[in-house]
Amino acid sequence: MTKYKSDFLRVLDERGFIHQISDPEGLDAKALAGPITGYVGYDATATSIHIGNLITVTMLYWLQETGHKAISLMGGGTSMVGDPSFRDDQRKLLTVEQIQTNIDSIQKVYANILNYGGSNPAIMVNNADWLLKLNYVEFLRDVGRHFSVNRMLGFDSVKLRLDRDQSLSFLEFNYMIMQGYDFVELNRRYGTVLQMGGSDQWGNIINGVDLSHRMGGPQLYALTTPLLTKSSGEKMGKSASGAVWLNGDLFSPYDFWQYFRNTEDADVERFLKVFTRLPLSEIARLAALGGSELNEAKKVLATEVTAIVHGRDAAIQAASTAAATFETGSLDLSLPTATLSHADLSNGIGILAALVLAGLAGSNGEARRHVQSGAVRVNDALIDDDKLSLGDNALLPEGVVKLSIGKKRHALIKPV
């Protein structure tokens, strides 16, 4: 294993973040010599980023924590094109207004994870500031001429699309040029020398390193982290109800806590290193727990990650709700709650529609399969009729209906 001298790379290495570095010795020496500036780019294609992005945001956290300058780059310009990497089809084109709405929403998550104040503040930048002002012909002459189409066609992200006989539009083909130019522009404006991202972004990041060299700029560096998968081989980031978003309005703090509480045994130590800020000595102690005691380590993992993303109060509340629900069997009114009108409940709502409304199923078909498999309970009573209608008589004394799928997923429906 490479022995890094700089605190930044040593921390990333010890916690399992490093997959590839374009010039490990050069970057290590530069980070050891003094503060460097690095960034991660995020396209605003949704109102939230997801759990996979939390890994790269955490890399920015450790960059800042070890005395360097962190930049979170919002893709206000690149989001108008969309990254084609490893996709079978073109992303839906968004308007400027939609992109700005998404950026405004995503910024709230970053503010919980990075420190944008203090003596060494992180910086949030939008690449629309320069990309939307470019003169196309000048851009082709000054930047586009440095890109080899032959080389670009060789990137895995492009080859996969073409090998599947899927169309790759000229619009999308420009994305990697725009991302490479971002790196050069950030170096000019902020002295940025490092771009980080997931391993699937290696080709795009290396384009920026090469572009700087071809345009007579300074040496830039690329660093990627492994795409995190569970020990079972399943890609991380999906829950039974869909993507694990970091915005609480899309994926509640309670569901977020539960997602990490249900971590597989073999993943506990790795996830503690990657997702929490606990000292490695404490992580080693928790990982050494065996049998049922390992569940305590999972609770610590869930609480610490939830505290980072949603705040300590939300994490404590989620842990308390889970304890009340699973350990005492009582009804906790802070469970995820969906609402409907008193009239709609009085008229009756089908069990399938209720499960979808509560976020426990993504579709009526999925809800029906849960009922047929004997996994659904209403107010803790097993349900085997997928045509059941819930009305006012289903209300508990607390004025809610409790829905459950299995032993670990619960939600409430409340008439308003």
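Trainee: What should I keep in mind about the model and the numbering?

Mentor: This is a predicted model, where local features need pLDDT of at least 70, side-chain atom pairs count only at pLDDT 80 or more, and totals for chains, interfaces and linings use all residues. Residues are numbered from 1 along each chain as its sequence is written, and side-chain values use heavy atoms, with hydrogens and water left out.

Trainee: OK, strand E5, residues 194-198: how many of the five residues are buried?

Mentor: Five of the five, so E5 is largely enclosed by the rest of the structure. Buried means under 20% relative accessible area with a 1.4 Å probe, protein chains only. Strands (E, at least two residues) and helices (H or I, at least four) are DSSP runs, numbered from the N terminus.

Trainee: Which way does E5 pair with E6?

Mentor: Parallel, over five bridges, with E6 covering residues 221-225. Two strands count as paired if DSSP finds at least two bridges between them. Glutamine 195 stands opposite alanine 222 in E6.

Trainee: And what is the partner of tyrosine 39 in E5?

Mentor: Glutamine 195 again. E2 (residues 37-43) pairs with E5 in the parallel sense over two bridges.

Trainee: How many bridges join E2 to E3?

Mentor: Seven, and those two strands run parallel. One of the pairs is valine 40 with serine 72 in E3. The chain gets from E2 to E3 through H3, in a right-handed β-α-β crossover. Right-handed here means that, with the strands pointing away from the viewer, the path from the first strand over the helix to the second runs clockwise.

Trainee: How many residues of E3 are buried?

Mentor: Six of the seven in E3, residues 69-75. E3 also pairs with E4 (residues 123-126), parallel over four bridges, and leucine 73 has valine 125 as its bridge partner there.

Trainee: Switching to helices: at what angle do H12 and H15 cross?

Mentor: Roughly 140 degrees, with the axes of H12 (residues 253-261) and H15 (residues 294-310) coming within 8 Å. Axes are lines fitted to C-alpha atoms over the stretch in contact, and angles run from 0 to 180 degrees between N-to-C directions.

Trainee: What sort of residues make that contact?

Mentor: Eight nonpolar, four polar and three charged. Among them are Phe256, Trp257 and Phe260 of H12 and Leu301, Val305 and Val309 of H15, where contact means heavy atoms within 4.5 Å. Nonpolar covers Ala, Val, Leu, Ile, Met, Phe, Trp, Tyr, Cys and Pro, charged covers Asp, Glu, Lys and Arg, and the others, Gly among them, are polar.

How values were computed. Buried < 20%, exposed > 50% of the residue type's maximum accessible area, 1.4 Å probe, protein only.
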